[in-house]
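Please examine the structure shown here together with its sequence. The explanation that follows is intended for a reader meeting it for the first time.

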Amino acid sequence: MELVFATGNAHKVGEIAALIPPDIQLKSLADIGCTDDLPETSPTIAGNALQKARYVHERFGVHCFAEDTGLEIDALQGRPGVYSARYAGPGKDDAANIALVLKQMQGVANRSARFRTVIALILDGQEHLFEGVVEGHIAEALAGKGGFGYDPIFIPQGEIRSFAQMDLHTKNTISHRAKATAMLLDFLHSR
Ligand code: IMP
């Protein structure tokens, strides 16, 4: 089957494409001629994932899915959460977002946090949601050059390395996105 991944984020494509078996043909927005910036104005992660998937499904009539991800920090009452991309301002600047988090977490003992990904699938006009969560904590400083976004300051539970210190395969064995993708694949293969 053909399935469009409704995202403009090449890092997300790379991680999910590495998990998709050959019986599913993953298509990009470029493949269907969609160059639009997808809307994500919902106050929830699931709402944003659905909003992006619905946008593509309504205009292109394809089987598609979208995902939205947030970093939830307990000491910051769950922020940046759904506002993760624009936490330090509208520029979606990863370095500025990380700098703001590290500043707010300076001297804070409880550093527990989690990444949450929701995948919204629209298949034959029906909507389905899949959620993946990985627990961990916020590091005191950046470490690693891999990954993207907040990866240099997130250390998953049971690890001493940040996500940015892992290769894609290792991140893909434990990440929030990999867990949500595994649920998506289970669902697709059960049909
Ligand atoms: P969005 O899901 O594209 O809206 O991303 C929300 C924010 O979280 C952006 O700042 C991303 O860079 C960041 N982000 C999304 N997924 C990950 C991840 O797997 N690791 C680290 N940061 C991420």
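The paragraphs below treat the ligand, then the cysteines, then one histidine.

The model is a predicted one. The ligand has 17 residues around it, and those that come nearest are Lys12, Asp151, Lys171, His176 and Arg177. Asp151 places a polar side-chain atom 2.6 Å from a nitrogen atom of the ligand. Taken alone, the ligand exposes 480 Å², of which the protein buries 92%.

The cysteines may be considered next. How many disulfides does the structure hold? It holds zero. For Cys34, the closest cysteine sulfur is that of Cys64, at 9.9 Å; this is too far for a bond, because a disulfide requires sulfur atoms within 2.5 Å. Cys64 likewise is in no disulfide, the sulfur of Cys34 being the nearest to its own. Cys34 counts as buried because its relative accessibility is 5%, under the 20% cut-off. Cys64 also counts as buried, with a relative accessibility of 0%.

Finally, His128 is located in strand E6, which covers residues 126-138. Is His128 buried or exposed? His128 counts as buried, since its relative accessibility is 19% and the limit is under 20%. Leaving aside residues up to four places away in sequence, His128 touches Ile119, Ala120, Leu121 and Phe187. Lys145, by contrast, is 17 residues from His128 in sequence, and their C-alpha atoms are 34 Å apart in space.

Note on methods:
Residues numbered from 1 in each chain as written. Predicted model: local features only at pLDDT ≥ 70, side-chain atom pairs only at ≥ 80, totals over all residues. Heavy atoms only, no water. Helix = DSSP H or I, 4+ residues; strand = E, 2+ residues; numbered from the N terminus. Buried < 20%, exposed > 50% of the residue type's maximum accessible area, 1.4 Å probe, protein only. Contact = heavy atoms within 4.5 Å. Near = heavy atom within 4 Å. Polar contact = N/O pair within 3.5 Å; in protein donor to acceptor, adjacent residues only side chain to side chain. Areas by Shrake-Rupley, 256 points an atom, 1.4 Å probe, with all protein chains shown as cover.
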